[in-house]
Each structure stands twice: as structure tokens, then as C-alpha cells.
Amino acid sequence: MRTTRTRAVPRQYTARGSAMAVTMAAAMTISGCGAEVEADAKSSDTATVKRCGEPVRYTVPERAVAYEGGSADKLFALGLTDHVHGYVMPPANPPVSESPWASEYAKVKMLSDDLLNKEVVVEAESDFVLAGWNSGFKDERGITPEILDKLGIQSFMHTESCFNYPGHPERASPFEALYTDFERLGRIFRVEEKATEVVDGLKKRVAQVEAAAPTGEATPVFLYDSGTDQPFTAGNQVPPDDIIEKAGGENIFHGLDERWTQVNWESVTEAEPEVVVILDYGDLPAEKKIDFLKKSPHTKELPAVKKNNFFILDYNEGISGPRNIDGLEKFADYLRELKG
């Protein structure tokens, strides 16, 4: 079995941090061990499913809006294209033509290439919005599940993003959160069997990677998102942490109980990463990030940089979605080749 080196948490860091009428009842308590959904006693047309830690009653959506590739991919993977009205895709996202579900994207509308906002959802007459907390949904932009509830628009948040959701937080490891989303979306859209099929397939692929992971000491890995004065990286609440660990590496910031977060360069230097994973997205290409790391006095002497050990992780492989497992398989292949 591979072993994990104990690493100190960085000394300093800061967190990064006419609608269609759909009647939604107040949150209700679900009884029973592990129960997350139950048919409404008065109507089989509704089901109660957790939205983060909050039980919410849902009717089957017919005009869903998805924010970013991870959300849309989840719906398409469940075969729900006919229930999707459109998607919102900010410029940082890679082209949808690169998605395994490119043909499904072509069947629905691109509603905006900007950040998610209430106006685009209302204009689309959406009855359901899928996004993450503090990414798509955000108090500062005036679009939250609570606001949409008042408008009669259903919403659901990626479980991975529920870690610090006010009032109803929920914790799960990133991959477990991914599986949970498929299960819950399956219940919301009444495609439970398909959801089980998808989750079983993903779990099988993960197990195959873990079985083939290199033995011995885990390779220290630094995920570089962005930042020059201070780097943004991945804590233990986002998918790259699981991607790195299950492939046979160790996220040098696994000890940070955060999602995407800011650290300092001193903590990166002290960790001596052997590999740098570059999160690649549209407005800041991976090549520019690598060039910066090779020239910066903070990083040019890092073992990973001196050995040119860079792995590029696509944006949609790094945010919560089924392509996380694609990223895992690719990174696992890279690590095995690196370790010979």
C-alpha cells in the first residue's frame, strides 16, 4: 500500500472563495436511517430530496437551466436532455464541443456566456436551476436557492459545494458528493435506475484506478489554479483532492478544510511537490501558468518544476461532474508512467 507523508497546513491562507409556477412546500424532516427521498403522502407527483442539508419537495422539472459544464454533464449523463431548456456557460469553460455530451448540448439553448443571474433564469421561464453554492448561486449576485424558492423556481446545488452553505451545510468527500448528486437528481427527475447505472459505472472505474495505483510513498502534488502574488489551489473539499489521492498522489494542501482557496508561496516551497497539476481554463491557458512557474523565484527551484513534471487538468475534469473520473484516469496514467 502507498503511504502518505504528514504535511503542515500553511501558516496563512484565506478562503476563496414570469417564472413557471412550481409550488414548493416548506422543508420537512425525513425519518429513517439514510433516507433522502420519500413520496409525498398526498401526491405521487412530488418527492422530497435533500438540497445540501435541507429536505426540499420537488416536482419533475421540465425546463431546467444548468450552470457550467459540470451541471449540464450531470443532467445529460442521466439522459435528461428533454428536461433541459438551456445552459449558462461563462468564458472560463472550455467549448461545449469538447464535451462527451456535445450532441446533447446542441439540442438545448445556450442562454448566456456570463455568470448565472436571476434575470436569465426568469426570462427562460425555468422551473429548475442546477448550480453550485458560491459559484452559480451567490448572495452578492442576487441569485440563491431561497430567492428562487420565493419565485416558485426549484433549485438544486452540487453536494460538493454544500460544505459551507449557510443554514444547511453538508459534508462529503468530492467523489461521494458526485455520486450523491446523481442519486438525488435521479430521484428528482424519477430516473433512479439510470442514476444507479451511472454511479455504479463511475465507482467501477475509480476502483480500477485505485487497484493499479503505484505502491510506496505517495507523490506530493501541488494543484495550481491561478495567482501570482499568492496562489489559488485546491483544499480537501473539491474534486482534484480525490483525483490526486486515488491516483496515488498526495495533495500538499489536503489538510486545508476548504474548497478552492488561497495560500502562500512559502507553504508551496516547503512542501516540495514532485508534480504540479495545472487547472486549465479558457481565460488563463495552462501554458502561461507553466511559464510563470518556471520563471517565478518562488517556484522555479521546486522539484516538479525543475523536472518539468506538469500535468494539465481540464476545467471540467476539476469541477464537480462526471468528467472528474476522466481526469482521474488520465492523471493515474501520468503518475504510473512517472514512477516507472
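Trp133 counts as buried because its relative accessibility is 3%, where buried means under 20% relative accessible area, exposed over 50% and partly exposed in between (1.4 Å probe, protein chains only). Tyr165, at 8% relative accessibility, also counts as buried. This is a predicted model, in which local features need pLDDT of at least 70 and side-chain atom pairs count only at pLDDT 80 or more, while totals for chains, interfaces and linings use all residues. Residues are numbered from 1 along each chain as its sequence is written, and side-chain values use heavy atoms, with hydrogens and water left out.

**Aromatic pairs**

- The structure holds 15 aromatic pairs; rings of Phe, Tyr and Trp (its six-membered ring) pair if their centres lie within 6.5 Å, and planes under 30 degrees apart count as stacked, over 60 as edge-to-face and the rest as tilted.
- The ring centres of Trp133 and Tyr165 are 5.0 Å apart and the planes stand at 75°, so this pair is edge-to-face.
- Trp133 is in the loop between β7 (128-131) and α4 (145-150), and Tyr165 is in the loop between β8 (154-157) and α5 (174-188), so the pair links distant parts of the chain, 32 residues apart.
- Helices (H or I, at least four residues) and strands (E, at least two) are DSSP runs, numbered from the N terminus.
- Tyr224 and Phe292 form a stacked pair, with 6.3 Å from centre to centre and 20° between the planes.
- Because Tyr224 lies in strand β9 and Phe292 in helix α9, this pair ties together parts that are 68 residues apart in sequence.
- Tyr224 counts as buried at 3% relative accessibility, whereas Phe292 counts as partly exposed at 22%.
- Phe222, Tyr224, Phe253, Trp265 and Phe292 are linked by ring pairs into a cluster.

**A charge over a ring**

- Lys289 lies over the face of Tyr281, at 4.0 Å from the ring centre; a charge sits over a ring if NZ of Lys or CZ of Arg is within 6 Å of the ring centre and within 35 degrees of the ring normal.

**The four-stranded sheet**

- Four strands form an open sheet with parallel pairing, in the order β11-β9-β13-β14; two strands pair if DSSP finds at least two bridges between them.
- The edges are β11 (249-251) and β14 (310-314), each with a single partner strand, so one side of each has no neighbour in the sheet.
- On average, neighbouring strands of this sheet are turned by 35° against each other, direction ignored.
- Strand β9 (residues 219-224) runs parallel to strand β13 (residues 275-280), and four bridges join them.
- Tyr224 stands opposite Ile278 in β13.

**Helices on the sheet**

- Helix α7 (residues 239-247) packs on the sheet and touches β9, β11 and β14; contact means heavy atoms within 4.5 Å.
- The direction of α7 makes about 150° with that of β11; axes are lines fitted to C-alpha atoms, for helices over the stretch in contact, and angles run from 0 to 180 degrees between N-to-C directions.
- Helix α9 (residues 286-295) packs on the sheet too, touching β9, β13 and β14, and its direction makes about 145° with that of β13.
- Eight of the nine residues of α7 are buried, so this helix is largely enclosed by the rest of the structure.
- Among the buried residues of α7 are Pro239, Asp242, Ile243 and Lys246.
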